[in-house]
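Hi,

Here is the structure I promised to pass on. Have a look at it first, and then read on for what turned up when I went through it.

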Amino acid sequence: MRQLEQAKKAFPDTYLIVGVTGDEETHMRKGLTVLSGAERAETIRHCKWVDEVIPNCPWVVTPEFLSEHQIDYVAHDDLPYQAAEGDDIYEPIKAQGKFLVTQRTEGVSTTGIITRYVFPFSFPVLCICFHWTGNVVLPVYFGLLS
């Protein structure tokens, strides 16, 4: 959320548009998600820094996409983002001078949040088993204190 705040405050009177990649492309590139694309878009829509959400946004944002949606800048951290398309998917945007560098929040990551959700223990998990109860699968956790 801090990256959204940084982007919103980068220029006076900024109208912040956030693209949320859809399920199909996200699952293909990153694996399964906790929330669906629609749920992710709706969550972002409620952030106070966000003015508009583009659902099912392409993973690789092109200059043509920016033009189509009248977007002046793309905000992201400055680390090169590798994909099948190249060593840095933001390179064409950077080359046009339309890239705004934002800073990640130290110690906060999607992987960390998901890990805490799936493994809500302060000790290592030895085994995870599931118990079938009709139409519902309930997780049953077994842990071993370290």
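**Rings and a charge**

Let me start with a lysine: the charged end of Lys 94 sits over the ring of Phe 99, at 4.8 Å from the ring's centre. Phe 99 also has an aromatic partner, Tyr 90, and that pair is tilted, with 5.5 Å from centre to centre and 50° between the planes. Both Tyr 90 and Phe 99 are buried.

Before going further, please keep in mind that this is a predicted model.

How many aromatic pairs are there? The count comes to two. Besides Tyr 90 with Phe 99, there is Phe 11 with Tyr 73: the ring centres are 5.0 Å apart and the planes meet at 25°, under the 30 degrees cut-off, so this pair is stacked.

Thr 102 sits in the loop between strand S4 (99-101) and helix H6 (110-118). With a relative accessible area of 3%, Thr 102 is buried. Which side chain does Thr 102 make a polar contact with through its own side chain? The partner is Gln 3, at 3.0 Å. Leaving out residues up to four places away in sequence, Thr 102 touches Gln 3, Gln 6 and Ala 7, along with Ala 75, His 76, Asp 77 and Asp 78.

The side chain of Thr 14 reaches the backbone oxygen of Phe 11 at 2.7 Å. Thr 14 counts as buried because its relative accessibility is 18%, and the limit for buried is under 20%. Beyond its neighbours within four places in sequence, Thr 14 is in contact with Ala 7, Lys 8 and Asp 51. Ala 7 is also on the list of residues that Thr 102 touches.

Thr 21 has its place in strand S1 and counts as buried at 15% relative accessibility. Thr 21 and Pro 58 are 37 residues apart in sequence, yet their C-alpha atoms are 5.9 Å apart in space. Apart from residues up to four places away in sequence, Thr 21 touches Thr 26, Gly 37, Arg 40, Asn 56, Cys 57, Pro 58 and Trp 59.

**Cysteines**

In case you were wondering about disulfides, the count comes to zero. Cys 57, one of the residues that Thr 21 touches, is buried, with a relative accessible area of 6%. Cys 47 counts as buried too, at 11% relative accessibility.

Most residues other than glycine have a negative phi. Which way does the phi of Asn 56 go, positive or negative? Asn 56 has a positive phi of about 55°, although it is not a glycine. Asn 56 lies in strand S2 and is among the residues touched by Thr 21. At 63% relative accessibility, Asn 56 counts as exposed.

Gln 70 is the other case to look at: its phi is near 55°, again a positive value in a residue other than glycine. Gln 70 counts as exposed because its relative accessibility is 70%, and the limit for exposed is over 50%.

The chain averages a pLDDT of 76, and 67% of the residues score at least 70. Where is confidence highest, and where is it lowest? Strand S2 (residues 52-57) has the highest mean, at 92, and strand S6 (residues 136-143) has the lowest, at 43. Over residues 125-146 the pLDDT stays under 50, and the model has 33 contacts beyond four places in sequence for that stretch. Where pLDDT is low, the predicted coordinates should not be read in detail.

Cheers

Terms used:
Residues are numbered from 1 along each chain as its sequence is written. This is a predicted model: local features need pLDDT of at least 70, side-chain atom pairs count only at pLDDT 80 or more; totals for chains, interfaces and linings use all residues. Side-chain values use heavy atoms; hydrogens and water are left out. Helices (H or I, at least four residues) and strands (E, at least two) are DSSP runs, numbered from the N terminus. Buried means under 20% relative accessible area, exposed over 50%, partly exposed in between (1.4 Å probe, protein chains only). A polar contact is a pair of N or O atoms within 3.5 Å; within protein, one must be able to donate a hydrogen and the other to accept it, and residues adjacent in sequence count only if both atoms are side-chain atoms. Contact means heavy atoms within 4.5 Å. pLDDT is the predictor's confidence in each residue, from 0 to 100. Rings of Phe, Tyr and Trp (its six-membered ring) pair if their centres lie within 6.5 Å; planes under 30 degrees apart count as stacked, over 60 as edge-to-face and the rest as tilted. A charge sits over a ring if NZ of Lys or CZ of Arg is within 6 Å of the ring centre and within 35 degrees of the ring normal. A disulfide is a pair of cysteine sulfur atoms within 2.5 Å.
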